[in-house]
Amino acid sequence: MDTFLRGQSSANSSKSKQAASGETAGISNKRVTVPWVEKYRPRSVDDVAYQDEVVSVLKKSLEGADLPNLLFYGPPGTGKTSTILAIARQLFGSDMMKARVLELNASDERGIQVVRDKVKTFAQHAASGVRPDGKPCPAFKLVILDEADSMTPSAQAALRRTMEKETKSTRFCLICNYVSRIIEPLTSRCSKFRFKPLSTETLEKRLNMICGEENVKCDEKAIHELIKISEGDMRKAITYLQSAYRLKGEDTVEAKDITEIAGVVPDQMADKLFEACGTDSFDKLDSTVKEIIAEGHAAAQVINQVHDRVVEMTELNDHQKSAITEKLAIVDKCLCDGADEYLQILSLCSVMMQQFCHAGQT
């Protein structure tokens, strides 16, 4: 009986192993999908688009195998992180990047304790070893602090001393959107590089290339809508393109699909809002604002589109435009502080109604 049971248990174990191996094979046979933002991220410094001055200076620094402390600043999606990762890959190779590069981004805590523990400890270790491919390897490590403008002033002050003491063994690269939020002692220790918003031609070329590689059917108006919405942000444009492709599948991606995914307020709804502001009827204005909120449109998107329209309106004089834009700034600040979206849009539209209908009255 024991022999029979052992044989049955061994048969069951063999079946379970076969089932497990079958599941593993099924998982391996599944197609691994990678976000297009990562799939088409530049792998070398030469692949970075539209930042010619930055690339030319960095290539000369790489030729001498000596890199200064760097400060990359500019709008999001312009290639700052991709550039420094490409530099690190070129300096250390893919195999040694984990040992030679410490990358901290906004998801990590970046108070003074992190600088004292992680950054300082990593910087103090001497760089040793050679690249597996036999190429010469720089005798320094690299610390990448992404979104450094979110670091506290005390953490930035602590980082200043670390940068000064460990300059022989470590190089630092600070990446931020607003260089004014970096303290002066840090900026004076870095070579500053400004990344420009990408041009229309650069965005169009890259988006058409991705459409060709991924077999995406996308009409010309949709490409232009992507370029308009992204405002020079390559990451945003590629993300919206992939989302639209997932939505439409084999069908052609159209401009209305892009605006729907991006959360843009439709032109009909925006026209209705401006018409309500011109009627001098608070009840009609209130119902229109409630309709916009009920449709789920973000207040930040509404005020951005209102700003673009107001600036281009020829029927308003400079005094009217300045009054509306001043209110736009106040509403934007209130929204950042967590104010109610309905009340803030209604307050903005009330000022617009006053300027449209009663601007000439004292």
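Trainee: Is Arg41 buried or exposed?
Mentor: This is a predicted model, in which local features need pLDDT of at least 70 and side-chain atom pairs count only at pLDDT 80 or more, while totals for chains, interfaces and linings use all residues. Residues are numbered from 1 along each chain as its sequence is written, and side-chain values use heavy atoms, with hydrogens and water left out. Buried means under 20% relative accessible area, exposed means over 50%, and partly exposed is in between (1.4 Å probe, protein chains only). Arg41 has 17% relative accessibility, so Arg41 counts as buried.

Trainee: Where does Arg41 lie?
Mentor: Helices (H or I, at least four residues) and strands (E, at least two) are DSSP runs, numbered from the N terminus. Arg41 lies in a loop, and that loop is between α2 (36-39) and α3 (52-63).

Trainee: Which residue has a side chain joined to that of Arg41 by a polar contact of 2.9 Å?
Mentor: A polar contact is a pair of N or O atoms within 3.5 Å; within protein, one must be able to donate a hydrogen and the other to accept it, and residues adjacent in sequence count only if both atoms are side-chain atoms. At 2.9 Å, the partner of the Arg41 side chain is that of Glu38.

Trainee: Leaving aside its neighbours within four places in sequence, which residues is Arg41 in contact with?
Mentor: Contact means heavy atoms within 4.5 Å. With the neighbours within four places in sequence set aside, Arg41 is in contact with Thr81, Ser82 and Leu85.

Trainee: Which residues lie closest to the centre of the second largest pocket?
Mentor: A pocket is found on a 1 Å grid over the protein atoms alone, as an open set of points with protein on both sides within 12 Å along at least five of seven lines; a cavity is a set of points where a 1.4 Å probe fits but cannot get out, and lining residues have an atom within 4 Å of a point. The second largest pocket holds about 500 Å³ of space, a volume being the space filled by probe spheres set on the points, with grid points joined across faces, edges and corners. Elements that each supply at least two lining residues are α2, α4 (80-100), β4 (170-176) and α10. Of the 25 residues in this lining, the closest to the centre are Gly77, Thr78, Gly79, Ser82 and Arg235.

Trainee: Which element gives the largest share of the lining of the largest pocket?
Mentor: The largest pocket holds about 720 Å³ of space. Its lining has 23 residues, with Lys228, Ile229, Val264, Gln301 and Gln305 nearest the centre. Two or more lining residues come from each of α9 (220-230), α10 (234-248), α11 (255-262), α12 and α14. The largest share, seven residues, comes from α14.

Trainee: How many nonpolar, polar and charged residues line the largest cavity?
Mentor: The search finds one cavity of 30 Å³ or more, with a volume of about 70 Å³. The lining is made of Val265, Ala270, Leu273, Phe274, Ile292, Val302, Gln305, Val306 and Arg309. Ala, Val, Leu, Ile, Met, Phe, Trp, Tyr, Cys and Pro count as nonpolar, Asp, Glu, Lys and Arg as charged, and the others, Gly among them, as polar. By these classes the counts are seven nonpolar, one polar and one charged.

Trainee: What is the phi of Asp280?
Mentor: Most residues other than glycine have a negative phi. Asp280 lies in the loop between α12 and α13, and at 41% relative accessibility Asp280 counts as partly exposed. Although Asp280 is not a glycine, its phi is positive, at about 60 degrees.

Trainee: How many helices and strands does the protein chain have?
Mentor: The protein chain has 362 residues, and buried residues make up 41% of them. Its secondary structure comes to 16 helices and five strands.
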